[in-house]
Amino acid sequence: MSTLYDKLAEQALAGAAPTEDQARQVIEDESLRLLPLLDAAFRVREEHFGREVIIHVLNNVQNGLCPEDCGYCSQNKDSEAPIRKYPMKSDEEIFAEAEAAAKDGASRYCMVLSGRGPTLERTKKLAQLVRDLKSKYPVDVCISAGIIDDEKAKILGDAGLDRLNHNLNTSEAHYNEVTSTHTYADRVATLRAANKFGIGTCSGLIVGMGEGTDDLIEVAFRLRELEVPSIPVNFFIPIDGTQVSPDGSLTPEHCLRVLCLMRFVNPSAEIRMAGGREGNLRHMQPLGLYPANSLFVEGYLTTRGDASRETYQMIADAGFTISGNSDYDGPLPETNAFRLPGPLGDLLKPDVAAQS
Ligand code: SF4
């Protein structure tokens, strides 16, 4: 008799979604054990992506100065978080950062601009940047710039933009709890505009903002309905001075179950273990590679994260490989390296080391 683990994997391998009841079990049913669940999700991940992990680097090309009130975001208009606010970086800075990302092994370079959405003039400038970046570096280019309409999507699509990010963040029913200055419908319309003009979409969620299982299921299925090929799963990072508080749900096991849910509902999508992985999954992070097949390195928009070097070590140790690009010239982890945190050379305890 086939188990629910088998059913979840086989349905997803056939491209079918789980039932709502099965999706609820993935999140809530404690009799559904974590390791077999991860293995079922891994069967699906392996079919579509093998053991490769796609590396993304974020560049916050404009920070703060935002008129919107997304309560989880340190850049919102009411935020008291002590962040440095700056207008759009110069082209020189953006090119230098893209080059560094390519050399550091990133296959995707994501430019993120705070704000409700770009003006027409700003959109044209972004389109030119996309052309220039793609001609110089072997990375796909993604932009996250807020709400985009058809006219702007066409300009960016014509420039060859690979992906437009616009996260749904949570369910429609829960959306007003975190933002009031724009609607869920605005977000969905942006994704539809990108789809219409041939830009791949990237849209995900933030887990741990007071949502329930119904909300998680709804957003997972909405992303499936919108055929989103890239889904960042963020785990709430509590930043002092912002309005959303942690809801206490983010145990490492809950984070892993949400990643499994996203994989079963969106079998062929790039599922990203995104912001907050370090602080919320903690020592369970490597298990996230079983449902997820991509990561950010070197931190997020305004918060720190693991450096590429330690993330690459984790990937290698867990038996996965980095989906590289031809410019990557950095070191890969040595599989037999013995490594402790702290300065190099501090292997011996100070009270037994010979004095130099
Ligand atoms: S998430 Fe984007 S739109 Fe919302 S407050 Fe932050 S920068 Fe502004």
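The structure is a predicted model, in which local features need pLDDT of at least 70 and side-chain atom pairs count only at pLDDT 80 or more, while totals for chains, interfaces and linings use all residues. Residues are numbered from 1 along each chain as its sequence is written.

Helices (H or I, at least four residues) and strands (E, at least two) are DSSP runs, numbered from the N terminus. Among the residues of α3 that are buried are Leu-37, Ala-41 and Val-44, where buried requires 20 or more other C-beta atoms, placed from the backbone, within 10 Å of the residue's own. Just after α3, Gly-50 takes a positive phi of about 55°.

Strand β2 (residues 108-113) has five of its six residues buried. Its pairings, which require at least two DSSP bridges between two strands, are as follows.

| Strands | Sense | Bridges |
|---|---|---|
| β1 (residues 52-62) and β2 | parallel | six bridges |
| β2 and β3 (residues 140-144) | parallel | five bridges |

Within these pairings, Gln-62 has Leu-113 of β2 as its bridge partner, and Tyr-109 stands opposite Val-141 in β3.

Notes
Buried ≥ 20, exposed ≤ 12 C-beta atoms within 10 Å, placed from the backbone.
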